[in-house]
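The following note sets out a few points for colleagues examining this entry. Please read it with the sequence and the model at hand.

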Amino acid sequence: MKKIRVLCVDDSALVRGLMSEIINRQADMEVVAVAPDPLIARELIKEHNPDVLTLDVEMPRMDGLDFLERLMRLRPMPVVMVSSLTERNSEVTLRALELGAVDFVTKPKLGLRDGLMEYSDLIADKIRAAAHSRPRPRTAAQAGATPRPRLAQPFSTTEKLVLIGASTGGTEAIRQVLEPLPANSPAIMITQHMPAGFTRSFVQRLDNLCAVQVHEAEDGQRVLPGHVYLAPGGVAHMKLARSGANYVVKLEYSEPVNRHRPSVDVLFHSAAELAGKNAVGVILTGMGKDGAQGLLAMKQAGATTFAQDEASCVVFGMPREALLIGAADSAVPLSEMSERILASAGSYGHRV
């Protein structure tokens with residue numbers, strides 16, 4: 001079996017050693033080299049031709065973002081960012097995902113060794129997903145591209161709801177879905193696999209870019225057209241609930257489902273139960289199978305359901321699982337997803 005070849009770039013000798021220990025324990029991967037900064041990493045990439053790069057955000061001699069931007073322009077390859085959990089680093093990490101990084105892991109604030117070792121299965125999973133991902137070359141034209149024009153919503157009075165689930169590659173996919181939507185779009189609830197502390201920066205970034213208003217979801221919050229509600233990362237599951245005649249957000253502080261909290265399946269199952277054919281379900285890029293069964297329940301309840309197609313996915317895991325069990329009505333390219341959502345949501349809107 002050919003092993004996944006990994007190059008670890010971090011200015012901390014402790015982190016380089018721990019990452020090497022975690023990766024070399026796995027039967028299907030190995031660390032071929034480590035580097036304390038991007039300039040040395042550049043030479044090691046030429047020498048070892050690794051399958052995956054793990055890259056620290058803050059490093060001497062060259063900033064991790066500068067290095068990533070050059071790398072994705074000149075030699076695109078799967079990159080997993082390694083970030084400390086701070087507000088600034090959450091913003092920088094989201095920028096790294098925009099530049100083409102596949103995913104990220106966070107360094108624990110305390111107990112670095114024990115914390116990273118606890119994350120060993122997650123780190124290994126993210127490296128596996130990265131190895132099978134499709135890195136997106138970032139050209140100069142893309143870097144200066146203007147946002148896609150806003151779409152027109154067929155019926156501004158629609159009572160339809162849109163439920164979206166995503167994981168690896170999802171932050172950029174979600175941005176591409178939301179950015180063209182008009183301010184009078186139907187209400188949207190999103191579960192994106194994301195650790196605690198990163199959701200707020202992601203919400204602020206989306207809210208600045210989009211005509212719809214984007215919120216980090218709060219328990220009891222009314223679900224309204226023109227608004228997007230993102231499940232708080234690593235904290236709680238988000239469900240659709242009712243308060244009288246209104247839809248509201250329900251946050252549930254229970255155990256992880258499919259190894260995730262928040263879980264896409266939890267959101268989708270709640271929509272199947274309460275919204276029925278008044279819902280549109282969308283599953284975007286991501287590793288694993290979270291959301292497939294929930295999307296199937298939505299379809300069986302009468303909802304319109306879509307999965308992102310393989311060609312436009314960073315990781316075709318969650319959409320593939322949904323398509324395999326017949327949970328999605330169709331596979332849709334990411335570039336067409338906004339239009340398909342609006343067409344479905346505007347076709348007939350009513351209260352259940």
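Which residues have the most contacts inside the largest nonpolar core?

1. The model is predicted. Its largest nonpolar core comprises 56 residues, and those with the most contacts inside it are Leu 53, Leu 55, Leu 68, Met 81, Leu 178 and Leu 284. Apart from that core lies another, of 33 residues, which includes Leu 267, Ala 275, Leu 296 and Ala 328. In soluble globular proteins, nonpolar side chains tend to be buried together.

2. Leu 55 may be examined individually. Not counting residues up to four places away in sequence, Leu 55 touches Val 9, Gly 64, Phe 67, Leu 68, Val 79, Val 80, Met 81 and Val 82.

3. His 237 belongs to strand E10, which spans residues 237-243. His 237 counts as buried because its relative accessibility is 0%, and the cut-off for burial is under 20%.

4. The side chain of His 237 has a polar atom 2.8 Å from the backbone oxygen of Glu 255. A polar atom of this His 237 side chain also lies 3.1 Å from the backbone nitrogen of Ser 263. Leaving aside neighbours within four places in sequence, the residues in contact with His 237 include Lys 250, Leu 251, Pro 256, His 260, Arg 261 and Val 266.

5. For the protein chain as a whole, the secondary structure amounts to 13 helices and 14 strands. Of its 352 residues, 57% are buried. Among contacts between residues at least 6 apart in sequence, 75% join residues at least 24 apart. The chain exposes about 14,400 Å², of which carbon and sulfur atoms supply 51%.

Methods
Residues numbered from 1 in each chain as written. Predicted model: local features only at pLDDT ≥ 70, side-chain atom pairs only at ≥ 80, totals over all residues. Heavy atoms only, no water. Helix = DSSP H or I, 4+ residues; strand = E, 2+ residues; numbered from the N terminus. Buried < 20%, exposed > 50% of the residue type's maximum accessible area, 1.4 Å probe, protein only. Polar contact = N/O pair within 3.5 Å; in protein donor to acceptor, adjacent residues only side chain to side chain. Contact = heavy atoms within 4.5 Å. Core = buried A, V, L, I, M, F, W, Y, C linked by side-chain atoms within 4.5 Å. Areas by Shrake-Rupley, 256 points an atom, 1.4 Å probe, with all protein chains shown as cover.
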